[in-house]
Amino acid sequence: MDLDFERCYRTIETRDARFDGCFILAVRTTGIYCRPSCPAVKPKRQNVSFYPSAAAAQRGGYRACMRCRPDASPGSPDWDVRADLVGRALRLIGDGVVDRDGVPGLARRLGYTERHLNRLLTTELGAGPLALARAQRARTARTLIENTDLGLGEIAFAAGFGSIRQFNDTIREVYAVAPSHLRRDRRASGPGGLRLKLPYREPFDAKGMFDFLVGHAVAGVESTEGTYSRSLRLPHGTGRVELEPADGHVLATLTLADLRDLAPAVARCRRLLDLDADPAAVDAVLAEDPVLAGSVRDNPGIRIPRGVDGFEVAVRAIVGQQISVAAACGVAAKLVRDGLFPDAPALLELPDEAFSMPVKRRETLRALARAVVDGDVDLEPGADRDAAERALLALPGIGPWTAGYVALRALGAPDVLLDTDLVIRRTAERLGITDLPTHAERWRPWRSYAMLHLWRLSWTTP
């Protein structure tokens, strides 16, 4: 990845927090790497190097700054929205695929050889999949050390390390201290859960995000009493998370059946809230259109409410075809079993009476579930978005609106135009837009976020 030295150095001069997670600053004289907004004294030019990832800085022999905690910064917005192989790989690594299936499993999911995948990741990020996964294990281990009373041995294996020695060596290399030293900074967690801060880039339209989640909550899976909470289906078991907006972060309280699921649980919560987005970049483009400028001014930092599970989003999109949101939530609630939304195999086992909907819609859901089980439709974080949309459109009962809505919310596609959505079309017409597809060209590459603005305006435009 080509990092322009002058641009990066100007960024650290201003300590602009918007670039935290976009690149890493490393200082040769101290052997430390930092986030761009680190409050430490600005290093001299000749002592500075820039890296595209923490893993690359670690590979270069640098250790993490204990002051600015670069491992706690938001993820890169670039890799979050990119639909190419590297972006897909990073989303899967973040979901813990390398820890569960190794690099061979990651390569199989992406359909490329290990050698090709390693070469591309090293070129773009300065580190291969093993190094990237190792950096994530170190972050997970630090979280567990500081937030639980678990023994260090238990933490080592919960974080994905293969041995105690590997765990000790990695923590010393990354943080320049022994694991026991990190425990001195242990923060008390609430009863029954891990309390974590999920950082984001300002601005963040927290009210709009949580209003959306509350308005679309499905009983049995999601709860809106006090704070928003929901159940999670995770690789090693189940979990539950409570999410509450706070100043500069979202407070997450996680209860997990298996602590090995911490990293994927955090990744899915961040994906749900679109916390790795770059709101300044999005708002700058959309504000240039006089039609949306007022909404951008009044609602800065709008994010896309995504999902913790792609299959769940797709099912809820199909259920919601041609009925109100409230009715769709009620129908979806009847599919819930034991506090969990059904995955594809579980949905195929549900009896007909569980589907409170027309027969054709029920069969569409079953066709989707069979396609997911057979591997014909991939709705996981690392899915090829274009291939997923084509596969969805090939199923009976799924049209462009449903496929686009799934791409927007389940796969995080940033540039989806739902021009057949009735609410969006009516709102656009009231705003004086007569040819929505043509007008929307000025919103690229953030048309998905423009859809959120149009939905928001539908509530307020007379």
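Strands β8 (residues 237-246) and β9 (residues 249-256) pair antiparallel over eight bridges; helices (H or I, at least four residues) and strands (E, at least two) are DSSP runs, numbered from the N terminus, and two strands pair if DSSP finds at least two bridges between them. In general, strands of a sheet pair through backbone hydrogen bonds, either parallel or antiparallel. This is a predicted model, where local features need pLDDT of at least 70 and side-chain atom pairs count only at pLDDT 80 or more, while totals for chains, interfaces and linings use all residues. Residues are numbered from 1 along each chain as its sequence is written, and side-chain values use heavy atoms, with hydrogens and water left out.

**The five-stranded sheet**

- Strands β8 and β9 belong to an open sheet of five strands, ordered β5-β9-β8-β7-β6 with antiparallel pairing.
- At the edges you will find β5 (194-199) and β6 (222-223), each of which pairs on one side only.
- A hairpin of two residues joins β7 to β8.

**The four-stranded sheet**

- Another open sheet has four strands in the order β3-β1-β2-β4, and its pairing is mixed.
- Its edge strands, β3 (48-51) and β4 (63-64), each pair on one side only.
- Strands β1 (residues 24-27) and β2 (residues 32-34) run antiparallel and are joined by three bridges.
- For L25, the bridge partner in β2 is C34.
- Helix α1 (residues 5-14) lies across β1 and β3, and runs at about 105 degrees to β3; axes are lines fitted to C-alpha atoms, for helices over the stretch in contact, and angles run from 0 to 180 degrees between N-to-C directions.

- A369 lies in helix α18 (residues 359-374).
- A369 counts as buried because its relative accessibility is 0%; buried means under 20% relative accessible area, exposed over 50%, partly exposed in between (1.4 Å probe, protein chains only).
- Apart from neighbours within four places in sequence, A369 is in contact with F311, A344, L347 and L348, where contact means heavy atoms within 4.5 Å.

**Salt bridges**

- Side chains of opposite charge can pair when their charged atoms come close.
- The model has 38 salt bridges, each being a side-chain nitrogen of Lys or Arg within 4 Å of a carboxyl oxygen of Asp or Glu.
- R268 and D95 form a salt bridge (2.9 Å, N to O).
- This pair links distant parts of the chain, 173 residues apart, with R268 in helix α12 (residues 262-273) and D95 in the loop between α4 (85-94) and α5 (97-110).
- Both R268 and D95 are buried.
- R366 and E363 also form a salt bridge, with their closest N and O atoms 3.4 Å apart.
- R366 and E363 are separated by about one helical turn because they are three residues apart in helix α18.
- R366 is buried, at 12% relative accessible area, whereas E363 is partly exposed, at 32% relative accessibility.
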